[in-house]
Amino acid sequence: MSSNVLLTLVDLRKWYRIKKGIFGTVEYVRAVDGVSFNLRRGEAISLVGESGSGKTTLGKTILGLEKPTSGKIIFEGRDLASLDSKGMTWYRRQTGFVQQDPFGALPPFMTVARILEEPMIINKVEKKERRERIYRALTEVRLTPVEDYLKKYPHMLSGGQQQRLVIARAIILNPKLIIADEPVSMLDASVRIEILTLLRELQKRHNLSIIYITHDLSTTRYFSEWIFVMYAGKIIEKGLTSELLKNPLHPYTRALLQAIPDPDAKNRFVIREIPPGEPPSLVNPPSGCRFHPRCVFAKKGLCDKKEPPEFEVEKGHLVSCWLYENTEK
Ligand code: SF4
């Protein structure tokens with residue numbers, strides 16, 4: 001493994017055990033079902049998919065907030081499963097989390113200063129350094145002049161300012177990896193690009209690796225080096241952002257791109273290829289390719305029976321779809 005790789009996932013699964021019916025039959029929700037990838041230092045990945053595709057569960061599992069059912073999470077060469085509680089404390093310092101709902105993520109009875117100080121107290125950062133870090137983090141997320149914000153409570157901030165504070169808290173321990181789960185979906189359109197631009201600046205300045213979880217493919221263009229598309233617990237297409245947006249391969253990725261509203265009035269009557277139906281149940285996912293019940297290109301006897309492997313159609317551009325079986329480079 002290259003030392004430039006920060007995080008490796010190997011066939012990661014997170015299944016939830018549930019009981020159904022009067023006899024309490026045990027079943028499993030396969031929220032994440034065999035995900036593998038490498039994330040290099042300083043790179044950003046956009047993890048894209050509809051709600052219920054498993055992307056939030058994947059993010060929480062990587063953060064150690066959910067225990068994997070099977071598979072491996074390797075961070076800086078260390079398998080998370082082998083870490084004791086001291087090791088997990090180390091791992092938590094290396095990771096930061098930016099949630100979707102900034103207000104819900106902030107303790108309402110703490111001031112801005114206290115919110116930022118809390119993780120440093122837990123991690124035994126000296127008092128003098130705590131103060132310096134608070135000033136630095138607030139300056140970096142542009143909550144300035146810093147003195148104007150230190151004594152404020154979350155409800156005294158706008159949605160955009162709350163999210164800046166959540167980001168300041170996420171970077172306060174100098175992590176190497178940030179997971180941002182729909183960080184702009186609850187914000188006004190006018191501040192969305194500002195927040196994504198801020199995250200991108202922090203990524204470049206601190207050589208951070210970021211996993212940006214979103215249902216909105218249109219925002220990934222400004223953000224990440226890579227796009228990974230998730231459907232029903234699996235990654236079904238991976239590629240460089242520029243390549244994947246120019247040349248989407250999987251019928252589901254193409255449908256996601258078609259669903260982006262087009263502001264150009266002359267395209268108002270263009271017919272869009274939106275697939276019929278809903279994302280499948282993760283308790284009984286479809287056999288073969290999980291997208292086959294919604295796919296207009298599905299081949300009977302193949303797509304509904306055999307799960308497609310990854311085909312590398314261009315260098316670094318991989319797709320799990322039988323349409324590309326004979327097109328590998
Ligand atoms: Fe459609 Fe078959 Fe490709 Fe799945 S494998 S996306 S069903 S063509």
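Mentor: Happy to. For residue classes, Ala, Val, Leu, Ile, Met, Phe, Trp, Tyr, Cys and Pro count as nonpolar, Asp, Glu, Lys and Arg as charged, and the others, Gly among them, as polar. The model is predicted, so local features need pLDDT of at least 70 and side-chain atom pairs pLDDT 80 or more, while totals for chains, interfaces and linings use all residues. Residues are numbered from 1 along each chain as its sequence is written, and side-chain values use heavy atoms, without hydrogens or water.

On a 1 Å grid over the protein atoms alone, a cavity is a set of points where a 1.4 Å probe fits but cannot get out; a pocket is an open set with protein on both sides within 12 Å along at least five of seven lines, and lining residues have an atom within 4 Å of a point. Points are joined across faces, edges and corners, and a volume is the space filled by probe spheres set on them.

There is 1 cavity of 30 Å³ or more, and the largest cavity holds about 110 Å³. It is lined by 14 residues, with C289, C295, C303, C321 and W322 closest to its centre. That lining has 11 nonpolar, 2 polar and 1 charged residues.

The largest pocket has a volume of about 570 Å³. Of its 20 lining residues, R92, T95, P119, R169 and L173 lie nearest the centre. Helices (H or I, at least four residues) and strands (E, at least two) are DSSP runs numbered from the N terminus; α2 (85–94), β6 (95–98), α4 and α6 each supply at least two lining residues, and α4 gives the largest share, 4 residues. By class, this lining has 11 nonpolar, 5 polar and 4 charged residues.

Now for α4 and α6 themselves. With axes fitted to C-alpha atoms over the stretch in contact, and angles run from 0 to 180 degrees between N-to-C directions, α4 (residues 112–122) and α6 (residues 159–171) come within 9 Å and cross at roughly 25°. That makes α4 roughly parallel to α6, a term for angles under 35 degrees. Taking contact as heavy atoms within 4.5 Å, V112, I115, L116 and P119 of α4 meet L165, A168 and R169 of α6. These residues divide into 6 nonpolar, no polar and 1 charged.

Definitions and conventions:
Parallel < 35°, antiparallel > 145°, perpendicular 65-115°, else oblique.
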